[in-house]
Amino acid sequence: MKAFYPFLAVISLLSIAYAGVGIFGMYALFGAVIPYTAFLLFICGIIYRVIVWAKTPQPFCIPTVCGQQKSLPWIKADNIESPYTRAGVIGRMALEVLLFRSLFRNDRVELRDGGRLVFSGNKFLWLGGLLFHWSLLFILMKHLRFFTEPIPAFVLFLQGVDGIFELTIPALFITDGLIIVALTYLFLRRVIYPQIRYISIPSDYFTLFLIAGIVSTGILMRHIFKVDLLEIKRLSLGLVSFHPVVPPGIRLAFYLHLFLVSVFLAYLPVSKIIHMAGVFFSPTRNQMNNNRMVRHVNPWNYPVKLHTYEEWENDFRDAMKEAGLPLEKNE
């Protein structure tokens, strides 16, 4: 049931777009008003979350590391795993953002017969995440051809590389196949493994179904329900130039795709997907491990009036001398 209601929610979203455009003909609403509203919610939501993260105090040095930190000169330090310089932190963050390094090191722990604890590698999650994120990035960058005129050279290059296996007309992009494989794996992983299924919540499935709906409508629009790409580009250029024009004749499949994309944009700032921005504010990732080099003091520690032993001895010197207690100073 955790997956059923999210699936039903995505079907409901498609039904809303179908009824709005296919039955009631509200092209302006679904072609301009909703995309603008979604983009505004996306921008405001991202800015709000970033401001909240940026204002959150991080008084302690708490990097999560597994390697040897910089300490004595005769001990080799792991400058990527446990960086003590800003350049090292940037390198570790780049490996995390681009290659999902923490997932690559993820190990699976199993309790087997006899209570034996067994550690084993689990690289499938890393590979699935890598395929999904890089495919999605390629697809988003290729969509720039609808929002720019002339089209940048690197976009044409990416499109040429992605469609290098022209088995069909139009070409079946490699990234389309890879992202479907990745989404299928991420969904089956949550359904098949009892541990993952237990900790999964409906929002996890909703995100997967929503992205799957966007990808599916995009592929169907390209290969089955053919749409006029020139008219779609005219609409896209009108949106980015704030002179929206909703050309007639754009088929329903495009509006289904655009509506799901709009929902995704509006939903992103309040969903788990926001981790794409949050990782840069994670103190366990963006801090240097220099605990043995720098003393970190809580910046909001209030001043404490200290009473040293010397002052205390001065206050009770006569009584201590009379009681025969040892004194650091006799005068």
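Helices here are DSSP runs of H or I with at least four residues, numbered from the N terminus. The structure is a predicted model, in which local features need pLDDT of at least 70 and side-chain atom pairs count only at pLDDT 80 or more, while totals for chains, interfaces and linings use all residues. Residues are numbered from 1 along each chain as its sequence is written, and side-chain values use heavy atoms, with hydrogens and water left out.

## The nonpolar patch

The patch covers about 590 Å² and is made by Tyr18, Ile23, Phe24, Met26, Leu29 and Val33. Patches consist of residues with over 30% relative accessible area and no salt bridge; nonpolar side chains (Val, Leu, Ile, Met, Phe, Trp, Tyr) are joined within 5 Å, and like charges within 9 Å. The areas come from the Shrake-Rupley method with a 1.4 Å probe, and for residues only the protein chains shown count as cover. Leu29, one of the patch residues, is placed in helix H2. Its relative accessible area is 32%, so Leu29 is partly exposed. In this classification, buried means under 20% relative accessible area, exposed means over 50%, and partly exposed is in between (1.4 Å probe, protein chains only).

## Helix H5 and its surroundings

Helix H5 spans residues 124–142, which makes 19 residues. From its first C-alpha to its last it reaches 27 Å, close to the 27 Å expected at 1.5 Å a residue; the expected span is 1.5 Å times one less than the number of residues. The buried residues of H5 are Leu125, Trp126, Gly128, Gly129, Leu130, Phe132, Ser135, Ile139 and Lys142. These residues pack against helices H3 (86–99), H4 (101–104), H6 (153–162), H7 (174–192) and H9 (202–223), where contact means heavy atoms within 4.5 Å.

## Salt bridges

A salt bridge is a side-chain nitrogen of Lys or Arg within 4 Å of a carboxyl oxygen of Asp or Glu. By this rule there are nine salt bridges.

| Salt bridge | N to O distance |
|---|---|
| Lys142 and Asp162 | 2.4 Å |
| Asp204 and Lys272 | 2.9 Å |
| Lys329 and Glu310 | 2.8 Å |

In the pair formed by Lys142 and Asp162, Lys142 lies in helix H5 and Asp162 in helix H6, so the bridge ties together parts that are 20 residues apart in sequence. Lys142 is buried because its relative accessibility is 3%, and Asp162 is buried because its value is also 3%.

The bridge between Asp204 and Lys272 links Asp204 in helix H9 with Lys272 in the loop between H11 and helix H12 (275–278), 68 residues apart. Asp204 has a relative accessible area of 7%, so this residue is buried.

The bridge between Lys329 and Glu310 links the segment after helix H15 (317–323), where Lys329 lies, with helix H14 (residues 309–315), which holds Glu310; the two residues are 19 residues apart. Lys329 is partly exposed at 44% relative accessibility, and Glu310 is partly exposed at 45%. Salt bridges that share partners also join Arg190, Asp204 and Lys272 into one network.

## Aromatic pairs

Rings of Phe, Tyr and Trp (its six-membered ring) pair if their centres lie within 6.5 Å; planes under 30 degrees apart count as stacked, over 60 as edge-to-face and the rest as tilted. The count by this rule comes to 14 aromatic pairs. In one of them, the rings of Phe187 and Phe209 have centres 5.5 Å apart and planes at 50 degrees, so the pair is tilted. This pair links distant parts of the chain, with Phe187 in helix H7 and Phe209 in helix H9, 22 residues apart. Phe187 is partly exposed at 26% relative accessibility, whereas Phe209 is buried at 15%. Ring pairs link Phe7, Phe187, Tyr205 and Phe209 into a cluster.

## Backbone exceptions

Most residues other than glycine have a negative phi, and most peptide bonds are trans. Phe100, in the loop between H3 and H4, has a positive phi near 50 degrees, and it is buried at 14% relative accessibility. Phe242 has a positive phi of about 60 degrees and is found in the loop between helix H10 (229–240) and helix H11 (252–267); this residue is exposed, with a relative accessible area of 64%. The peptide bond from Glu149 to Pro150 is cis, with omega near 5 degrees, and Pro150 lies in the loop between H5 and H6.
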